[in-house]
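Hi there,

I'm passing a structure on to you, together with some notes on what turned up in it. Have a look at it first, and then read on.

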Amino acid sequence: MKSPANPSPIRSDPNWWKKTTVYHIYLRSFYDANGDGIGDIQGVIERLDYLADLGYETVWISPFTQSPQRDFGYDISDYLSISAQYGDMPLFEKLVQEIHSRKMKIVFDLVLNHTSDEHDWFKESASSRDNPKADWYIWKDGKGRDGRRPPNNWRAMAGNRAWTYYPGRKQFNYTAFLPFQPDLNYRNPEVKQAMFDVVRFWLYKGVDGFRLDIISAIYEDPELRHNPPSLRLTPSDKALTIFFQNLKNNFLQTESFEFAAELRKVTDEFDNPKRVLIGESHGEEELIRRFCHDNGKRGLDAIFLFKAISTPFKAENYRQLLETFEKHFPPPLVPTLVFANHDRNRVISRLGGNIEKAKLLALFQFTCRGIPFTYYGDEIGMPRVRIPLKQGQDALAMQHRWVPQFLVDRSKEILNRDECRTPMLWDEKPNAGFCSDSVKPWLPLAENFREINVAKQSSDPYSLLNFYRRVIRLRNTTPALNEGQMEIANDICNKKVLAYYRTFGNKRLAVLLNMSESAVKNPVGHDEIAISTHHGAETHRLQPFEGRVVRLQ
Ligand code: NOJ
């Protein structure tokens with residue numbers, strides 16, 4: 001898989017991150033180079049040419065520091081060393097160097113909010129009420145005569161109760177996610193300093209920025225007020241609610257936005273090249289934009305906008321989505337364009353296996369104003385692999401084993417996150433080229449891997465993979481697409497078609513997306529087609545589910 005050099009210029013300019021394209025690697029599942037059935041750092045190094053050849057500039061890799069792996073690295077027991085199953089520090093340094101030598105960037109997944117309960121800090125903190133780390137986590141006395149009732153009604157984002165009783169301290173401990181991931185107490189200045197030093201450690205190693213895990217949870221209401229009820233049972237991409245509770249008092253506090261500004265300052269100590277901060281938060285756009293800019297202070301560079309994931313695949317819904325993003329993230333802010341990740345259903349499965357829709361979505365994602373994030377395997381249409389809840393290795397699945405499987409099967413989303421984390425499909429070999437034949441991959445492969453894999457799609461000029469390659473290259477080489485202004489073409493948009501203009505200097509493009517299953521008249525006439533999702537696109541009409549970019553000037 002030898003490839004030509006990435007055609008895009010190295011983003012040495014301070015705005016590189018606004019123009020970039022991000023490929024999200026779930027490390028355990030990308031490529032196993034050391035023969036244990038689990039992906040590793042060496043595996044990423046060996047497949048970097050594949051990403052460079054596709055034209056991606058930034059790689060975001062899921063966590064690989066020391067961890068008991070109960071949440072596969074999102075439960076950290078040591079922030080400064082690498083988990084042996086993934087590699088070691090010299091190998092990580094090699095990875096950074098290999099990425100940079102390809103004029104690419106690396107974004108490190110940083111879990112600031114919580115540690116593992118096996119972190120030494122937590123063990124010490126849990127051991128008594130008066131040890132030096134006693135106040136490094138969030139501990140509260142319980143209620144009731146015996147103190148065994150939780151301090152308040154808070155739920156964690158994973159659905160469980162947010163408080164766990166520790167008999168050793170005779171107190172409750174707070175967690176925003178799973179019970180083995182205790183939240184750090186950022187009101188303790190020692191904690192903040194320790195974690196800022198972790199940030200500096202990795203920036204010094206040369207990482208180009210961070211994806212900040214569950215940053216929405218970094219502070220909680222100091223008075224521990226009860227959360228109000230909500231009508232929703234399941235989580236929503238629009239608001240932070242779960243199990244009939246609005247998580248208003250344990251997420252998205254004013255101090256969280258102030259924290260973003262402090263983190264900015266620490267990160268800006270390393271400004272050559274400029275490093276990027278991208279936060280993970282659910283919630284209404286008008287609220288979460290405060291992570292980026294609040295009270296006149298700059299904070300994070302961007303925040304994931306998950307609403308796109310659950311927006312119905314319809315022109316009118318997408319138009320509204322763009323309007324919302326543009327309203328709350330006008331320049332110089334930048335929206336993010338996210339349709340999948342390691343917690344959510346696979347794109348192609350949400351689209352009912354329809355490759356034309358997948359191409360259309362990719363065209364949208366790479367031609368809109370914003371930072372596109374794509375999840376490994378989406379470029380070949382890797383499907384969700386059905387794995388019953390009861391067989392889940394994922395801690396969230398284990399926690400929800402009681403949910404009847406037929407309910408899960410009916411849902412558009414996944415509860416067992418193993419289903420979207422299955423091994424990358426490289427070729428037709430027995431383990432799809434993910435690992436050697438002599439070892440069992442840590443999760444099952446998609447059954448149809450002989451039809452859907454990188455090798456096969458590489459040789460098919462009309463494959464989804466080759467469409468990704470073309471559209472990414474178009475974006476990389478077209479300033480109107482990677483840094484131009486965007487304007488929704490309200491004169492063209494209708495129930496079937498979503499359209500927008502991208503402009504840079506005197507260059508103007510129109511992006512036309514026919515999101516319907518019937519052909520429509522080309523609304524802009526005879527202009528030059530820069531790219532189309534369809535082979536043999538006709539000038540006068542857009543075919544069903546055809547998207548195209550046309551040059552207007
Ligand atoms: C969000 C991550 O995306 C998810 O995978 C993880 O389990 C939780 N945060 C907890 O760290």
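To start, is E419 buried or exposed? E419 is buried, as its relative accessible area is 2%. Here, buried means under 20% relative accessible area, exposed means over 50%, and partly exposed is in between (1.4 Å probe, protein chains only).

A word on the basis of these notes: this is a predicted model, in which local features need pLDDT of at least 70 and side-chain atom pairs count only at pLDDT 80 or more, while totals for chains, interfaces and linings use all residues. Residues are numbered from 1 along each chain as its sequence is written, and side-chain values use heavy atoms, with hydrogens and water left out.

**Salt bridges**

Side chains of opposite charge can pair when their charged atoms come close. A salt bridge is counted when a side-chain nitrogen of Lys or Arg is within 4 Å of a carboxyl oxygen of Asp or Glu. That rule gives 41 salt bridges.

E419 has R384 as a salt-bridge partner, with 2.8 Å between the closest N and O atoms. This pair links distant parts of the chain, 35 residues apart: R384 is in the loop between β17 (371-375) and α13 (395-399), and E419 is in the loop between α14 (405-410) and α15 (454-458). Helices (H or I, at least four residues) and strands (E, at least two) are DSSP runs, numbered from the N terminus. R384 also counts as buried, at 10% relative accessibility.

Another salt bridge joins R211 and E280, whose closest N and O atoms are 3.3 Å apart. R211 belongs to strand β9 (residues 209-212) and E280 to the loop between β12 (276-279) and α8 (285-288), so the pair ties together parts that are 69 residues apart in sequence. Both residues, R211 and E280, are buried.

R551 and E528 form a salt bridge too, at 2.9 Å between the closest N and O atoms. R551 sits in strand β24 (residues 547-551) and E528 in strand β22 (residues 528-532), 23 residues apart. R551 is partly exposed, with a relative accessible area of 30%.

There is also a network of salt bridges that links D71, D343, D394, R417 and R421.

**A sheet to look at**

Three strands make an open sheet with antiparallel pairing, in the order β6-β8-β7. Two strands count as paired if DSSP finds at least two bridges between them. The edge strands, β6 (139-140) and β7 (163-166), each pair on one side only. Between β6 and strand β8 (residues 171-174) there are two bridges, in the antiparallel sense. W139 stands opposite N173 in β8.

Best wishes
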